[in-house]
Amino acid sequence: MDETAFPAGAYCHAVDRIIAAGRRMDRFGWVPATAGNISIRLPDGTLAITRSGGHKGLLGVDGVIRVDATGRPCTPGDRPSAETLLHCQIYAHDATAGAVLHGHSVASTVLSMAGGDALALEGYEVQKVFAGQDTHAARVHVPIFDNDQDIARLSHVVAPHLAGMCAGYIIRGHGVYVWGADMDVALARLEGLEFLLACELERRKAR
Ligand SMILES: [Zn+2]
């Protein structure tokens, strides 16, 4: 690993934050089995990201690898997740993005499988965690895209919608993608979005 391109310890700090984020997501049940992936953008533009496979609640230092801005491993032989491309797409789109989180929650899976191309969330105090949402009276629009094992094709479907997103997006029957300027912001947004989705699920069950 070459750490000469950015301050010493930056990679190790990113790995620590990714391991902690994995544990937190696991506590909520958002990364079952080997689901999910987590990344941080490093000062030189490369990414620290979870390796393909492995439980995100049980990550060790070896569970995180470094890839370039296009998703190619910096160390030959390292195997990134196929979904690394979706992280790269978010960082390329948003120069302020510093961390990306992807999980497979029950609420995002069930709600997205109910149909529709988006969820409209309004009336919730928690939605103020998202950028540009100053009041519960505003509406949070969360796009839903059909799942696709061809991640490059999926990224092309997502691309035109990225500019209008304030809370991230959902892949149908699969899970959410959320990002923020740093890991703390990304985690707050993920927690906020998952709270809203859980509330929506409960309300629909009550109908
Ligand atoms: Zn996934």
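Mentor: In this predicted model, β6 and β7 run parallel and are joined by 2 bridges. I144 has I170 in β7 as its bridge partner.

Now the sheet around them. It is open and has 8 strands, in the order β3-β2-β1-β4-β8-β7-β6-β5, with mixed pairing. β3 (64–67) and β5 (118–122) are the edge strands; each has a single partner, so one side of each lacks a neighbour in the sheet. From one strand to the next, the twist averages 20 degrees.

Two helices come next. Helix α2 (residues 84–93) lies across β1, β2, β3, β4, β7 and β8, at about 35 degrees to β1. Helix α3 (residues 106–113) also packs on the sheet. Helix α3 touches β5, β6, β7 and β8, and its direction makes about 75 degrees with that of β7.

Then the rings. The whole structure holds 4 aromatic pairs. In one of them, F28 and W30, the ring centres are 4.4 Å apart and the planes are at 10 degrees, so the pair is stacked. F28 is partly exposed, at 43% relative accessible area. W30 counts as buried, at 10%.

Back to β6 and β7. The rings of F145 and Y169 have centres 5.5 Å apart and planes at 75 degrees, so this pair is edge-to-face. F145 sits in β6 (residues 139–145) and Y169 in β7 (residues 169–171); the pair links distant parts of the chain, 24 residues apart. Both F145 and Y169 are buried. With Y177 and W179, they form one aromatic cluster.

Notes
Residues are numbered from 1 along each chain as its sequence is written. This is a predicted model: local features need pLDDT of at least 70, side-chain atom pairs count only at pLDDT 80 or more; totals for chains, interfaces and linings use all residues. Side-chain values use heavy atoms; hydrogens and water are left out. Rings of Phe, Tyr and Trp (its six-membered ring) pair if their centres lie within 6.5 Å; planes under 30 degrees apart count as stacked, over 60 as edge-to-face and the rest as tilted. Buried means under 20% relative accessible area, exposed over 50%, partly exposed in between (1.4 Å probe, protein chains only). Helices (H or I, at least four residues) and strands (E, at least two) are DSSP runs, numbered from the N terminus. Two strands pair if DSSP finds at least two bridges between them. Axes are lines fitted to C-alpha atoms, for helices over the stretch in contact, and angles run from 0 to 180 degrees between N-to-C directions. Contact means heavy atoms within 4.5 Å.
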